[in-house]
Amino acid sequence: MSQNQAVTHLDIVPYSNAQWRDLCKANLDKDGIAVCSGVIRSDDLNELRSHIDELTNWERVNKEAWFSHGNQRVFNLIAKDPIFLDLIEHPVANQMVEMVLGLDFLLSSITANVALPGNSAQQLHADQGYLPEPWMRAEVVNVIFLLDDFTNENGATQIIQNSHLEGIGSDISNCETTTVIAPAGSLVCMDGRLWHGTGNNRTKTCKRRALFAYFCRPYIRQQENFSRSLSNSIIGELSTRQKTLLGMDIWKGLGSVNGLPVSWMDGRVRIGPADPRPPKWRSYRK
Ligand SMILES: O=C(O)CCC(=O)C(=O)O
């Protein structure tokens, strides 16, 4: 797969523009991507950077680091540091997701990808590539939190503009890629059908840090199985909204535990156990 790389600049919408929602929505429809700058304040950025640096160092020292294409990936951020839990409800991120998926979305995963000097470019892909065609609409959305400037040299994400309208079977070998050049503190929202991948970090020493909050429609299996991968103590601290986002609520009858709870019966009498705890299989079999 050899694409020609074009250094075209995407339309960047400043968050200070009162029309940012409409402008981002128009860019998402047209290009499959929207870039909104000036979303994260510089002191919050510094804090997020230092937490990511600590986490990546800790995982390296403890031999738990995960490398792909020469980049360091940190999975399941909310299980590792509570600072990342707030981001799943970030109002700008959530409004961008809602523009594409509607109100009922879930968090599929939240990870960090640190593009390191000397990496190799990731193969271009679309985030909903596991879904059968035809793709009539985006079923997933990725929101990137830029912790560093994305430049032409440091491994900024590469995209094929408008490819969200092409489908997975399209021949992309002759398509030009566009580098997502944008300042730290921007949020980038990508339609799940858009072809993209981590770029080549050609710098000698500069890492490119970014967080990826990946969201999906409520009938799609999430990338991270939060019910299994968060400890009971973390789950116990989650708000109702956070539990819903993490897929721990019922959506139109999906995700129930031993049937629907009484609170969902709308005044009707529930035949069966009123408490949605797992059934006691062992005592049943005795
Ligand atoms: O690191 C990036 O710029 C893109 C990462 C990505 O697309 C992925 O991991 O699926």
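This is a predicted model: local features need pLDDT of at least 70, side-chain atom pairs count only at pLDDT 80 or more; totals for chains, interfaces and linings use all residues.
The protein chain has 286 residues, of which 37% count as buried. Its secondary structure comes to eight helices and 12 strands.

Helix H4 covers residues 91-101. Its buried residues are Ala93, Met96, Val97, Val100 and Leu101. Viewed down the axis of H4, these residues fall within an arc of 115 degrees, so they line one face of the helix. The spacing along a helix bears on this pattern. An α-helix has 3.6 residues a turn, so residues three or four places apart point the same way. After H4 comes Gly102, with a positive phi near 85 degrees.

Two packed helices are described by the angle between their axes and the distance between the axes. For H1 and H4, the angle is about 45 degrees and the axes lie 10 Å apart. The two helices, H1 and H4, are therefore oblique to each other. Their crossing is right-handed. On the H1 side, the contact involves Arg21, Cys24, Lys25 and Leu28. These meet Gln95, Met96, Met99 and Val100 in H4. By class, the contact of H1 with H4 has five nonpolar, one polar and two charged residues. Met96 and Val100 belong to this contact and are also among the buried residues of H4.

Some loop residues have backbone geometry of note. Most residues other than glycine have a negative phi, and most peptide bonds are trans. The peptide bond from Glu133 to Pro134 is cis, with omega near 5 degrees. Pro134 sits in the loop between strand S6 (106-115) and S7.

His69 is not a glycine, yet its phi is positive, near 55 degrees. It lies in the loop between strand S4 (66-68) and strand S5 (71-74). His69 counts as partly exposed because it has 18 C-beta neighbours inside 10 Å. Asn162, also not a glycine, has a positive phi of about 70 degrees. The loop that holds Asn162 runs between strand S8 (158-159) and strand S9 (176-179). With 15 other C-beta atoms within 10 Å, Asn162 is partly exposed.

Conventions: Residues are numbered from 1 along each chain as its sequence is written. A residue is buried if 20 or more other C-beta atoms lie within 10 Å of its own, exposed if 12 or fewer, and partly exposed in between; C-beta atoms are placed from the backbone. Helices (H or I, at least four residues) and strands (E, at least two) are DSSP runs, numbered from the N terminus. The arc is that of the directions from the helix axis to the C-beta atoms. Axes are lines fitted to C-alpha atoms, for helices over the stretch in contact, and angles run from 0 to 180 degrees between N-to-C directions. Angles under 35 degrees count as roughly parallel, over 145 as roughly antiparallel, 65 to 115 as roughly perpendicular and the rest as oblique. A crossing is left-handed if the near helix is turned anticlockwise from the far one by less than a right angle, and right-handed if clockwise. Two residues are in contact if their C-beta atoms, placed from the backbone, lie within 7 Å. Ala, Val, Leu, Ile, Met, Phe, Trp, Tyr, Cys and Pro count as nonpolar, Asp, Glu, Lys and Arg as charged, and the others, Gly among them, as polar.
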